[in-house]
Amino acid sequence: MRRREALSTLALLTLAGCGTGRDGLRVVAVWNGWELTQFRDVLNAFSRRGSWKVSLLSAGNDIGALVGNRVAKTAAPDVALVQRPQLVAAARRRLMPLDPVPGVPADWTRLLTFDGQVHGSWFKVSHKSLVWYRPDMLPREPADWDDWVALCRDMAGRGRPPLALGAADGWVLTDWFENALLSIDPGTYGRLAGGAALWGHPSVAAALARIGEMWSIPGVFAGGRRRALLTQYDGALVDVFEHGSAAMVPGADFYYPIIRQNGSAPARWFRFPHRPGEQRPLLAAGDAAVLLRPASAAGRALIAWLGSPEAVRPWASKGGLLSLDPRVNDYPGDLSRLAAEIRQDTPGGVTFDLSDQLGGRLTGSDGRGTWRIFQEFFAAVAERPSAVAVAVRRAVAALDGAPRRPS
Amino acid sequence: MSGAGLIPREDTRAPVRGHRPRPWRPMVYLLPAGLLVGIVLVVPLAWAVVDSLHGGLRNYADVLRDGQVRHAVYNSLFWLVLAPVVCVFGLLLAWTIGAHRRIGVLAAPIAVSALVTGLAFRLIAQPGDFLLGPTGIWLVLGLAFAWQWAGLAVVVFRSGLNAIPPGLVRMAKAFGVSRAWRLRTVIGPALLPAGALVLIIALVAAARVFDLILIAAPGSDQAAVDVIGLHWWRFRDDLRSGESAALTVMQFAIAAIAALVGLWGLSREWPTRSEPPAPPRKRRRGRVVVVLAVALWVLPLFVLLMTSLHTPRAAAAGGWWSGGFGLDSYRRAFQSGELAGALVNTGARSVFAAVLLLVVAVPAAYALAWGGLPRRVNRALIAVTTVVAVVPPQTVIVELGQVFDRMHLLGAPTALTVVHTAFGVPLAVLLLRASFASVPREVVHARRYDAEPGSPLFAVVRESLPALVTVAVLEFVLVWNDYVVGLLLGGPESGQVTFVLSDQARQFVTSESVMAAGAVVATVIPLGLVVATGNWLVRGFTSGVGREPARTEVRRSTREAE
């Protein structure tokens, strides 16, 4: 430590006077493009109310570095919008505890409660147990999982690929797995989300085998498996709703504005199918606003604003944002049904995106963690449909062994 | 006074006290650059090495036990092999082309950021799916890298070849010197110093390759094309601090070993020109090659421009060649105000860094060229400079980040500018030294020993203006196009143009035209600068071999007239 201090002093001598006064409120968010513009409008409305000076930055995938990175530090903002509760947990010492927002379901507040204190406030939530489809290309909605598989097999057999998949984005694949595991064994899902190392549990293998069954159907994906692996989620939406190269694309409520902006075909959705007798999966995700230390009055005011219905209404009315507040209800299409579903208390509590709650080496991102493991699983089953069982064993081993260093 | 160089003079005047060389002066000249590089690069580098050796070599062993790390190491080595390959390709192309005026265009990609290059090549490769797969992506990445650097090699080697006195080659031929021996004794030495500099530049680029991969390769390929620098960035939170240091030190070591090879060429004496270049010999075959090469070289920027001229929806649905034109993407690119702000921020930072760099690097380079330092000290300093030139940002950023965090400088624009300058110093000093050293001896000696007024430093600087312009333009371009340093040290707060572009890649297809529009705007500025100063750059890069003799001659004759 002493050497480090010497280094600081040395650097101080050269860089003295380089510091900048920090004025105004700095906010970072993970969004970009259209979503960032929507969020900017939210902040502009806030600025107008209290004549605050707010600057918004898009952190891209690197939000972790901003909120609580220990290796290569970067400048910390005042308020950050964070997708992963795991990140909130990891950075809680740099965050200000907040008062729970009244009206928010207790389950949701609990997700951001660490060491007995609430460390964030939900701004935007999403529903990830959907399958978007083109009514003009799909004969009927499937009744359950096996019906869906049969339907897809039938369409693929007739040379009409049923599904588009943005497998270049690893989270698209983990969402499939999470929906399957939630149907099969919500208990194990909950324990995994709680940090238990239960990857060897038979339900995990069962969930992998289930999605493997679908992914290994020959001709099931528009353009084939190679193209699926190179397609990002927005590309899959263009494939379905503009090119019509497939009929369905499993995804989330926030696909809605992308479909509207880039597709000309009508879009509808059904819930992610499960087997009879299983619990219907409701995979949720969300973006929470966190307040970094040292918190200013303006920062507190912004957190309060982001939790209010007035803040989210303009964005919600265009689609792509669901609010936990029941007073927000002017969603486009039939998205209000999804908002109502996500607010309901489910028996096992809110089932939040598992991969967003995993830390360490399983943390998913391009080229690493769960994203990579599921991309490898996808490539394996799609390439050799007969060897799904082998691929399942390998994926389980990868998930189970990830916390240790791979060799 | 005509023929001053021929008649040995006896100076009978009393020695002038104030013009004696002072041994401490080179030290003073070296001090600013030394301090800056020392604090920003050398001390953190040393600290990283110390950190990585905590517990012996265990950290290295632990890191290398990871198959993914080994894979990244192999990939990094591949990139370093690619750099000389690209240089050799440039030499062959220069040889084939013959002397042509228009080849300067080929060097234009050095003004284009790695991020924009990656974006352009991904747009080109996108219609052919196999090109973006785990094998095809290597071709895309390799071509993108070659596109960026081979042109520079062509231009530098070409002017090196042009500068070889034809009389010398003829004479060698007449005396029956074999082709191989001619290459070794006449052509090789003429190309060597400038060639070594190009090689080092390419090696530095290869060792730092980061954003090119990040944007060109789809997420599912990222693990396959991992390099050490990227791997460290992805996994830095999972590594112990010793392991993290070990990884970044490995990245540095690989680059440093490669750079030392280039050093051998740099340490040669730079030849001074005596004869004006012969009128270039034009070859028909050369002209065809030039036209082809220029067309190929323009293609990526053309694709980028075409994509940007589509509406976002048309670009998402079709290719860059199909219909749906409009300026909507440009409107969208500027809509949020982020891009405009980033352009201003990045521009200011780049200008400041370029100016600061000249202030620091010029005296240091002068000291190395004309300071009269002992030969051994000089060589050692050049060796250290070369090695420091290849320090990757990852190696020093952890320590710097900690210092900056403590001083509340993270994200402070001035601090980031200073760091950028420090990263630019080594290469700038090498380039300037080469140019300074090739200034005719009389210019310095006239000021130093004779009664000619003025400081020898300024006289040398006046003679080396092209190199100064080159260094300033290069630094501007490097800082403008930076991604890694800003990402690791400033985060989004540094308001770097490249961040604004890369952020949108998460919805690649539906944002590609907006990204392309931003990329076009972000490229026009450095590209314009490089094109505008093109002639200076060629001279600056090759000042060891391709000095303009006319200018000195003219000045000398006017002096004589007085």
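How many salt bridges does a search of the whole structure find over all chains? The search finds 27 salt bridges, a salt bridge being a side-chain nitrogen of Lys or Arg within 4 Å of a carboxyl oxygen of Asp or Glu. This is a predicted model, in which local features need pLDDT of at least 70 and side-chain atom pairs count only at pLDDT 80 or more, while totals for chains, interfaces and linings use all residues; side-chain values use heavy atoms, with hydrogens and water left out. Residues are numbered from 1 along each chain as its sequence is written, and chains are lettered from A and ligands numbered from 1 in the order in which they are written.

**View 1. Packing of helices H7 and H8 of chain A.** Helix H7 (residues 170-184) and helix H8 (residues 186-193) of chain A pack with their axes 5 Å apart, at an angle of about 125°. Helices (H or I, at least four residues) and strands (E, at least two) are DSSP runs numbered from the N terminus. Axes are lines fitted to C-alpha atoms, for helices over the stretch in contact, and angles run from 0 to 180 degrees between N-to-C directions. H7(A) and H8(A) are therefore oblique to each other; angles under 35 degrees count as roughly parallel, over 145 as roughly antiparallel, 65 to 115 as roughly perpendicular and the rest as oblique. H7(A) contributes A:Glu178, A:Leu181, A:Leu182, A:Ser183 and A:Ile184 to the contact (heavy atoms within 4.5 Å), and H8(A) contributes A:Pro186, A:Tyr189 and A:Leu192. Of these residues, six are nonpolar, one is polar and one is charged. Ala, Val, Leu, Ile, Met, Phe, Trp, Tyr, Cys and Pro count as nonpolar, Asp, Glu, Lys and Arg as charged, and the others, Gly among them, as polar.

**View 2. The salt bridge between A:Lys128 and A:Asp175.** The N to O distance between these side chains is 3.1 Å. The pair links distant parts of the chain, 47 residues apart: A:Lys128 lies in the loop between strand E6 (121-127) and strand E7 (130-133) of chain A, and A:Asp175 in helix H7 of chain A. A:Lys128 is buried at 7% relative accessible area, and A:Asp175 is buried at 8%. Buried means under 20% relative accessible area, exposed over 50% and partly exposed in between (1.4 Å probe, protein chains only).

**View 3. The salt bridge between A:Glu383 and A:Arg225.** The closest N and O atoms are 3.8 Å apart. A:Glu383 belongs to helix H16 (residues 369-383) and A:Arg225 to helix H10 (residues 224-230) of chain A, 158 residues apart. A:Glu383 is exposed, at 52% relative accessible area, whereas A:Arg225 is partly exposed, at 22%.

View 4. B:Glu338 is buried yet has no salt bridge, and the nearest side chain of opposite charge, A:Arg40, is 4.4 Å away; Lys and Arg count as positive and Asp and Glu as negative, while His and the chain ends are not counted. Not counting residues up to four places away in sequence, B:Glu338 touches A:Leu36, A:Arg40, A:Leu57, A:Ser58 and B:Val500. B:Leu339 is buried at 2% relative accessibility.
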